[in-house]
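Hello,

Here is the structure for you to look over. My notes follow below it.

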Amino acid sequence: MTRDDTATDGGTEQRIPDEMSLDELREEIQTIDREIVELIAQRTYVADTIAQVKDEQDLPTTDEKQEEQVMARAGNNAEQFDVDANLVKAIFRLLIELNKVEQRENR
Ligand SMILES: O=C(O)C(=O)C[C@]1(C(=O)O)C=C[C@@H](O)C=C1
């Protein structure tokens, strides 16, 4: 994503970042950070439901094949948005581990 792309999203109200004050830019970051946490929470809630299904079907918590697919998708999405694929994959590794801890607590 380029600096100009940032200007087209809703939060910046069509203004280019150079015209925004430091406080405004930090408010933008604050909003994004909240959205990230909300999405992590949503991902974790889905994992809770997956844990119930796995429990009913007597499946193990860890599904390595699925994890590989999630990691590959993360890398592809990172490339699509021009961010460091290794960094994004490291974040997804943590998200998967978070889910597994959550799932083990719920079955
Ligand atoms: O898809 C699943 O089976 C999940 O439990 C979700 C998830 C993930 O966080 O993406 C977590 C643990 C599994 O090993 C694989 C994937």
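**Notes on the model**

Start with one loop: Asp-58 lies between H2 and H3. The phi of Asp-58 is near 55°, a positive value in a residue other than glycine. Most residues other than glycine have a negative phi. Asp-58 is exposed, with 6 other C-beta atoms within 10 Å.

**Overall layout**

The chain has 4 helices and 0 strands. From the N terminus, the order of its elements is α-α-α-α. Of the 107 residues in the chain, 4% are buried. Take the contacts with a separation of 6 or more: 47% of them join residues 24 or more positions apart.

The mean pLDDT of the chain is 89. In all, 86% of its residues reach 70 or more. For the complex, the predictor gives an ipTM of 0.99 and a pTM of 0.83.

Which helix has the lowest mean pLDDT, and which the highest? Helix H1 (residues 3-7) is lowest, at 45. H3 is highest, at 98. Over residues 1-8, pLDDT stays under 50. The model has 12 contacts beyond four places in sequence for that stretch. Where pLDDT is low, the predicted coordinates should not be read in detail.

**H2 and what follows it**

H2 covers residues 22-56. At 1.5 Å a residue, its 35 residues should span 51 Å. The end C-alpha atoms of H2 are 51 Å apart, which agrees. H2 is hardly covered: 2 of its 35 residues are buried. Asp-58, with its positive phi, follows this helix.

**H3 and what follows it**

H3 covers residues 64-80. It has 17 residues and reaches 24 Å from its first C-alpha to its last. That is close to the 24 Å expected at 1.5 Å a residue.

After H3 comes Asp-82, with a positive phi near 60°. Asp-82 is found in the loop between H3 and H4. It too is a residue other than glycine with a positive phi. Is Asp-82 buried or exposed? It counts as exposed, with 10 C-beta neighbours inside 10 Å.

**The ligand**

Which residues sit around the ligand? They are Ala-47, Ile-50, Thr-62, Asp-63, Gln-66, Glu-67, Val-70, Leu-95, Ile-96, Asn-99, Lys-100 and Gln-103. Helix H2 (22-56), helix H3 (64-80) and helix H4 (85-105) each give two or more residues to this shell. H4 gives the most, with 5 residues. By class, the shell has 5 nonpolar, 4 polar and 3 charged residues.

**Where to look**

For a quick tour, begin with H4, which gives the most residues to the ligand shell. Then see H3, the helix with the highest mean pLDDT.

Best wishes

How values were computed. Residues numbered from 1 in each chain as written. Predicted model: local features only at pLDDT ≥ 70, side-chain atom pairs only at ≥ 80, totals over all residues. Buried ≥ 20, exposed ≤ 12 C-beta atoms within 10 Å, placed from the backbone. Contact = placed C-beta atoms within 7 Å. Near = placed C-beta within 6 Å. Nonpolar A, V, L, I, M, F, W, Y, C, P; charged D, E, K, R; others polar. Expected span 1.5 Å × (residues − 1). pLDDT = per-residue confidence, 0-100.
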